[in-house]
Amino acid sequence: MLQRSSPVHPRIALASLFVVLAVVMVATGVSAQAFRDYKDLKPSDIVQVETDLLGAYVRTILPQCGDRAAALEAVLYMVSERDMIALGMDRYFPLDQIEGITASDAVDDSLARGFFAISRAYAAAAGPASYADTTGALNLFHRRIEESPGVGGIPVPFSTFAAIRFGRDALAAARASGRNEAAADDAFLRYVGEITRRYMDARTTLRKRHQAEVRNEDWVLARLRCAECGAQDWDAGALFMKIKKGTSNYHHTRDLTCRKCGSVLTWDYLLPSYTIMNQLGTARLPGEPPDSTAPADSGPGTERQAE
């Protein structure tokens, strides 16, 4: 991780970044992305400013998203925004290390919710698909989508965004063919809607959110790179549940050993929904519907006290 040498207070830097990006969004009509410089910010600060900006953008654009062109522009803009966020973040909190992965997943969660709102607004206004594929653009788009690895049984933030970016690229190929675009554009927006509906459905209750968090643990490990040698080959060791000292927060914890160089990383993975369930003494929040889904396995280890 790069060392922070500037005396600038992180909160001042955070406010400055927020103002600059907000001005860029207004001045450019949100048609171009601004590179982020996250110097002097913590990962939590980055998540705060980016999710606030994305939320503000979605709320502003949503009334227009019944129009196909406006909805498409909004989705494509947000995909490009995320790429700029990732470029800026990776300079200070590499996206193959725990801090960067965690912050990136939090941004992707906000993106998924924004994509869902936009695609739902479009579908409500557009009704059933009515664009005839007179030139083959729709068929080309669907052929490309069939090559997508999908999002898995329980969509996680990283795989959800990756699937939408894959759809964006499939749409670009269809549009570049010179054929009729309307049918492919419509199909892409409905594809985004289906992907993000599955994402939201997997988080409708506290118990489901816990299952999604446990599933995401595997995706974090798959992206994690050894800081010593750069390998992505870990012996995960035994998994334990623990409460971090001075808190009531539950974590999965394990010692990861790099199979290439032997370095050891102790990894604490926060389980926020499991923490809430234990604090409440129930697997449901007030007003949540009953959830018959069995709770996700917390792992093969045993609970141990915080150190």
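Tutor: One term to start: a salt bridge is a side-chain nitrogen of Lys or Arg within 4 Å of a carboxyl oxygen of Asp or Glu. Keep in mind that this model is predicted.
Student: Okay. How many salt bridges are there by that rule?
Tutor: The count comes to 20. One of them pairs D109 with R113, at 3.0 Å from N to O.
Student: Where do D109 and R113 sit relative to each other?
Tutor: They are 4 residues apart in helix α4, so about one helical turn separates them.
Student: Which residue does R36 bridge to?
Tutor: E50, with the closest N and O atoms 2.8 Å apart. That pair links distant parts of the chain: R36 is in the loop between α1 and α2, while E50 is in helix α2.
Student: And is R36 buried or exposed?
Tutor: Buried, at 1% relative accessible area. E50 is also at 1% and counts as buried.
Student: Which residues make up the network around that pair?
Tutor: Salt bridges link R36, E50 and E81 in a network.
Student: New topic. Which residues touch the most other members of the largest nonpolar core?
Tutor: M78, F115, I118, F141, F188 and Y191, out of 47 residues in that core.
Student: Which helix gives the most to this core?
Tutor: α3, with 10 residues.
Student: What does M78 touch?
Tutor: Leaving out residues up to four places away in sequence, M78 touches Y57, V58, L111, G114, F115 and I118.

Terms used
Residues are numbered from 1 along each chain as its sequence is written. This is a predicted model: local features need pLDDT of at least 70, side-chain atom pairs count only at pLDDT 80 or more; totals for chains, interfaces and linings use all residues. Side-chain values use heavy atoms; hydrogens and water are left out. A nonpolar core is a set of buried Ala, Val, Leu, Ile, Met, Phe, Trp, Tyr and Cys residues joined through side-chain atoms within 4.5 Å. Buried means under 20% relative accessible area, exposed over 50%, partly exposed in between (1.4 Å probe, protein chains only). Helices (H or I, at least four residues) and strands (E, at least two) are DSSP runs, numbered from the N terminus. Contact means heavy atoms within 4.5 Å.
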